[in-house]
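This briefing covers a model of two protein chains. It goes from the contact between them to the build of each.

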Amino acid sequence: MIYPMRTRQLADATGAGTAGLENVIEVGGLRQKYGDFEAVRGISFAVPRGEVFALLGTNGAGKTTTMEVLEGYAPATDGTVRVLGLDPIRQHRELRPRVGIMLQEGGFLGDLTVAETVDLWKGMSEDAGRPVTLSGSTELPGGFTLMGTRIRRVDRATMGALELVGLEKKARVKVKQLSGGQKRRLDLALAVLGSPEVLFLDEPTTGMDPEARRTTWKVVENLREAGTTVLLTTHYLEEAERLADRLAIMHEGLIHTHGTVDEVVATSGDMITFRLPGTSWTFGDLPALDGVAPVLTYSGGGTEVGYTLTGADTATRAHAALRPLMAWADTRGEALERLAVRRGTLEDVFMRIVGEAGL
Amino acid sequence: MRTDVLHAVRLARIDLTLVGRNTTVLFNVLLMPLLLAAVYTSFPTGDIAGIDGELFVLTGVPGLMLAFAVFINLVNAFTARREELVLKRLRGGQPSAMAVMAGSGLSALALFLFQVLLLGVWVHRAEGVLPANVPMIVIAAALGVAVFGLLAAAFSGLTPNAEMAQITVLPVLLVMMVAAPIAFPAEVLPGPLAVISGLLPVTPIVEMMRTGFLGADHFTDGGEQLNMIEQWVAALPSIGILLAWVVIGAVLARWLFRWEPRHG
């Protein structure tokens with residue numbers, strides 16, 4: 001599925017947006033080893049301020065490892081990483097209040113309620129000098145005891161964080177009773193609580209139902225509007241297409257391709273497919289389009305013909321190829337059954353990378 | 001620094017809330033040492049080291065409390081929280097590593113002091129004795145929590161999961177229960193064992209606690225009454241041993257403590 005180009009991408013495409021932009025995240029020649037296993041094998045990329053950058057890849061591609069180095073969980077085996085110009089390990093203390101992290105899983109105190117968990121994080125953010133500016137539409141009263149647990153008031157800031165991710169009805173529920181998707185949403189609320197300048201989202205919508213996924217996307221889009229820089233990992237192509245200004249496809253510890261969605265998709269080529277009656281067609285019968293010979297497959301008494309156009313002029317190559325094809329069909333008096341012209345998709349690129357590297 | 005203190009206090013309060021909500025922890029941490037104290041004091045004994053046997057044993061009970069409320073409690077907490085990725089999340093959140101550790105230490109100190117307070121009430125009601133040197137009791141508690149908190153951090157690194165914690169703490173628990181001068185003075189142990197007992201971290205804590213409660217010299221076999229200054233002077237070697245153990249504990253914790261489960 002292709003989404004309409006957004007204004008930010010237009011700005012980038014014209015060069016107006018990128019010039020002079022400070023890189024909030026910089027990764028240079030990063031390698032990361034666990035024992036003998038090299039999870040990341042030398043990658044470089046930079047994310048300018050205010051951009052949403054997606055690391056796309058299968059499980060084990062090295063996405064989370066890359067994130068964890070940027071988050072300061074592990075020192076890089078080799079190479080350099082900078083977040084807001086700071087070293088995530090040596091300048092952790094300076095960096096911490098300015099960064100929000102959503103981990104892939106777990107890490108909650110199950111016996112705390114959802115509101116208490118947000119309160120704890122909110123308090124720690126305030127202690128670190130980053131007051132929470134969210135304000136919910138309501139607050140919940142406290143000061144009574146329910147089943148042996150003292151119920152505290154839930155203030156507007158905490159409710160604001162819960163409303164942001166649609167958990168306001170779960171404020172008094174213990175965290176251990178939340179579903180997987182609800183825990184992910186709580187995680188998101190904690191990550192964005194202190195209005196971070198940089199947000200790391202590690203597979204943010206894994207385990208979420210479609211509605212929660214849309215809520216999460218909306219949260220990320222709003223943060224982007226507010227100028228937050230976001231690095232997210234995902235294995236959902238749709239998510240990367242929808243959210244990312246730019247993306248990189250990782251596989252087995254390497255970045256195989258990167259750029260805007262359009263740039264990346266352009267590398268996959270445009271597809272022209274149709275069907276001819278009979279099975280007597282061979283390569284010699286059909287024209288080369290844009291210098292490319294077709295792929296023929298025979299089935300059900302007909303011949304499926306497919307061209308993949310990879311010409312340099314990504315905008316007009318399909319159009320340019322159709323003219324000689326039509327001329328050929330007219331000359332031969334053949335009808336091109338089920339003629340389809342389709343742009344390449346992110347999935348085509350993804351499958352090619354994963355498939356190629358797997359061979 | 002100020003931020004670290006605020007974070008540590010905040011985390012300690014959450015710890016105490018969670019202890020209050022977990023019956024198993026509540027029992028192990030608060031009731032277990034008191035039950036053991038009741039068992040220890042139920043045997044009739046004559047005088048020990050010049051004082052009433054029951055009083056001697058009761059003033060040694062902080063050694064047991066340290067084992068349960070601090071050491072076992074923290075090994076369990078650190079291990080369970082590591083495996084549940086709570087430590088990882090905290091470290092990725094606002095608090096520094098120091099604040100996370102200090103938070104756990106503070107909550108353990110609060111529990112320990114609360115138990116010592118209960119014990120003080122017990123001692124007063126049973127024996128009519130009021131603590132002679134409260135600052136010494138508090139200093140002993142703080143040093144005890146520092147040493148055993150750090151040792152707990154180190155032992156949690158050796159503990160693969162929360163179930164195994166019961167087993168990894170056992171050797172330390174046994175040593176603390178057997179070699180510490182809880183129910184008898186260290187001097188009655190045969191020569192080399194007495195020396196070893198004196199060098200263990202639990203012994204100086206018990207001796208400081210006992211001296212703090214009774215105002216008498218329980219660092220040696222003597223048991224004679226001391227004034228406040230003499231008590232502190234007599235405590236100096238114990239404080240020195242404990243400070244050395246803080247360093248040892250810190251080195252071990254730095255070496256063995258892990259914030260995350262092992263990869264794979």
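How many residues of chain B are in contact with chain A, and how many of chain A with chain B? In this predicted model, 19 residues of chain B are in contact with 21 residues of chain A.

**Where chain B touches chain A**

- Two elements of chain B, α1 (2–21) and α5 (86–92), each give two or more residues to the side that touches chain A.
- α1(B) gives the most to this side, with seven residues.
- By class, the side of chain B that touches chain A has six nonpolar, eight polar and five charged residues.

**Chain A overall**

- Chain A contains 11 helices and 15 strands.
- The C-alpha trace of chain A spans about 85 × 45 × 45 Å along its principal axes.
- Chain A has 359 residues, of which 42% count as buried.
- Of the contacts in chain A with a separation of 6 or more, 68% are between residues 24 or more positions apart.

**Strand β14 of chain A and its partners**

- Strand β14(A), residues 302–309, pairs with strand β12(A), residues 270–277, in the antiparallel sense over eight bridges.
- β14(A) is also joined to strand β13(A), residues 295–299, by five bridges, and these two strands run antiparallel as well.
- A:Gly306 of β14(A) has a bridge partner in A:Thr273, and A:Val295 also stands opposite A:Gly306.
- The hairpin of β13(A) and β14(A) has two residues between the strands, and A:Gly300 takes a positive phi near 55 degrees there.
- In a regular strand, side chains alternate between the two faces of the sheet.
- In β14(A), the covered face consists of A:Thr303, A:Val305, A:Tyr307 and A:Leu309.
- The uncovered face of β14(A) consists of A:Gly302, A:Glu304, A:Gly306 and A:Thr308.

**Helices α4 and α7 of chain B**

- The axes of helix α4(B), residues 62–83, and helix α7(B), residues 134–158, come within 8 Å and cross at roughly 35 degrees.
- The crossing of α4(B) and α7(B) is right-handed.
- Residues of α4(B) that make the contact include B:Leu66, B:Val70, B:Phe71, B:Leu74 and B:Phe78.
- On α7(B), the contact residues include B:Val145, B:Phe148, B:Leu151, B:Ala152 and B:Phe155.
- By class, the contact of α4(B) with α7(B) has 12 nonpolar, four polar and one charged residues.

Notes:
Residues numbered from 1 in each chain as written. Chains lettered and ligands numbered in written order. Predicted model: local features only at pLDDT ≥ 70, side-chain atom pairs only at ≥ 80, totals over all residues. Contact = placed C-beta atoms within 7 Å. Helix = DSSP H or I, 4+ residues; strand = E, 2+ residues; numbered from the N terminus. Nonpolar A, V, L, I, M, F, W, Y, C, P; charged D, E, K, R; others polar. Buried ≥ 20, exposed ≤ 12 C-beta atoms within 10 Å, placed from the backbone. Pairing = 2+ DSSP bridges. Axes fitted to C-alpha atoms, helices over the stretch in contact; angles between N-to-C directions. Left-handed = near helix turned anticlockwise from the far one by under 90°.
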